[in-house]
Each structure stands twice: as C-alpha cells, then as structure tokens.
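Okay, thanks for coming, everyone.

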Amino acid sequence: MESAFVVARPTKRRHVAGLSAAFGFVVLAAFLIADCGGSSNSPSPVSQSASTRPPSSGPSINVAPVIESISPSADRVEVDNEITLTAVVTDQETPIDQLKFVWTADSGTFSGDGAIVQWRAPKGIKTPADVNIKLTVIETYGSPDASGVRPQNVASNSVPAIRVHDSPKELGDLSIQFLTDFAHSDVPTSTCLRDFSDSCKGKAEERGDIDSNRVHYEILSSSLALRGVTVASSGLTAKMTVACSFTSKTKVCDAGDKFCVVGDVGTARGDCILTGTYENRRWWLCDSHFIGRLADSMRLFFGRSSQ
C-alpha cells in the first residue's frame, strides 16, 4: 500500500506541470496574436478600388488654334481701294507658319497670305455697302487614317462689317436728288430734307427757305447737271457743285415788295453749291446756297437767307 502511494504522487505532479506548461503556451500565443493585430481595435489595411484610382493620362488631345483678334487698318474704304487685315493667332502644338489661313469676303479680292493680307473693295457695286470678312484657320496634325486623311482642327472668326463707299457718286446723287425734289413744288419740305443731317444748322435754314419758296412760287421747269464733287482728305466733309436753273411763276407777293408781280415768270440760273458731312456710317447733306443770276421777281426764290 505504501509503495503504491509513493508511485502515484509523482505521476500526478507531472500531469499538473504539463497542463501548466500547455496553458502558458496558449496564453503566450494569444498574447502574440493580439499584439500582431488580432484585436478588433487595430486599423485594417485599405484596398484602392478601380473607381478611386487616378485615371490614366491616355492619349493627348490636340487643341484647336485660337484667333485672338483680327484688326482692319480702317473700318471704311472707297471702292477699288485696299485695307490691311492683321490676325493674331495662337496654337499650342503647331507653329503658326504651318497653319492654313483661309480669308473670305462677300465681295472684293485678297492679296497676300497668312496672318496679314490686303483686301481690295470691289468696284461697280451699289454703295454704301457692308462687306463681311471671315478668317478660317486650319491645323492639320497627327497620322493619316486608312484613307490617307490626317485629322484637322478648324477655328474661325469674323471682322465687323467693312463699310464700302463710292463717295463722289453718293454725294452727287444726294445733291441731284435734293435739287430734283426742290424743283417739284408739290414735294413737301420734309421730303426734300430727308438727307440733311440734324447736326447741321443749315437744315433749319433750308427748311425756312423751301417753305417760303412753296408759298411764293410755282416751279415750272428745271435743269440740273453735276459739275464736281470734292471730298476732304479727312473723309468727313465734302463740297458739291451742280449747274442749276429753275423757271418759275410768282404766286404770291409780300406786301410792299415793288419788284414782285403775281403771274410773272422768271428764271434763276447759276451754280447750286452744297456741302456734305459724314456721320453714322453714311454721307449727309449739310447746307446749300446759290451763286448766279436771278430775275428781279425771283429775289426771294431761294428764301430770305439768300438775299
């Protein structure tokens, strides 16, 4: 009995010691696992999805040319005369001298090429006229496609309309039209003055003269011939001379006018001198006066201001 008891005790101690060692190993392993990130409070690695990754740069895009400005040397021109057009163009990829410049206009012709050209206004057109001018810039780049065509970028811009004049003709026409209207006694004063500028004091004087003529005379016939037109170098004023004659019959005499006889027929013959002014992109008449001979009965024919 005693020997059996002695044998059994060491066996029990070895078993307890083995359990203790195993428990210690488990605890150590758990500690190591926790220390390596097993805890739920440890940060987790973040994976980047395809949608959040920066996009790849891909093929580069060729940017179209930019027409920054087009400057004409003048905004009005006489028929068969030239102005210069200067374009400022930029392009990010292609040198300017490798771009194609295409200038077009409603009428007229171009000389030169590239960013600076001359445009000549046409002759034989009805004036005043507005002519639109357009610039198209073409950039050809890259490799040709299967059909052999290279890609292109196109930019375009326009110039504010250029005003074209045939000033001598326009001013001559205005002068003849005014005197023709004046020569018809049934034409109202307002119609006669439709091409006079409001900025000229001569318009008010003309109104009084024509009103007086309509009261005192009936114009029977007239003769008009343009002698010449002189336009100032500034292009803002002009002088027109028209050979003119008017044959009229007196309708009314002012009290005390001993030279006036109702029913008398007389003729005024000489030169009608008119002036013109350029305003608001067109020519206007400014005033007129007569230089020549008048019958006594026609002293008031051109109004009291002509005495």
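First, a term: two strands count as paired if DSSP finds at least two bridges between them. Strands (E, at least two residues) and helices (H or I, at least four) are DSSP runs, numbered from the N terminus. This is a predicted model, where local features need pLDDT of at least 70, side-chain atom pairs count only at pLDDT 80 or more, and totals for chains, interfaces and linings use all residues. Residues are numbered from 1 along each chain as its sequence is written, and side-chain values use heavy atoms, with hydrogens and water left out.

So, the sheet. Four strands make an open sheet, ordered E9-E10-E11-E12, with antiparallel pairing.

Now strand by strand. E9 and E10 run antiparallel, joined by 13 bridges, and Val229 has Met240 in E10 as its bridge partner. E10 (residues 237-250) then pairs with E11 (residues 265-279), antiparallel again, over 13 bridges. Look there for Thr241, opposite Ile273 in E11.

Moving on, 12 bridges join E11 to E12 (residues 282-294), also antiparallel, and Tyr278 sits opposite Trp283 in E12. What do E11 and E12 form, and how many residues lie between them? They form a hairpin with two residues between them, and Asn280 in the turn has a positive phi of about 55°.

As a reminder, strands of a sheet pair through backbone hydrogen bonds, either parallel or antiparallel. That's my tour; over to you.
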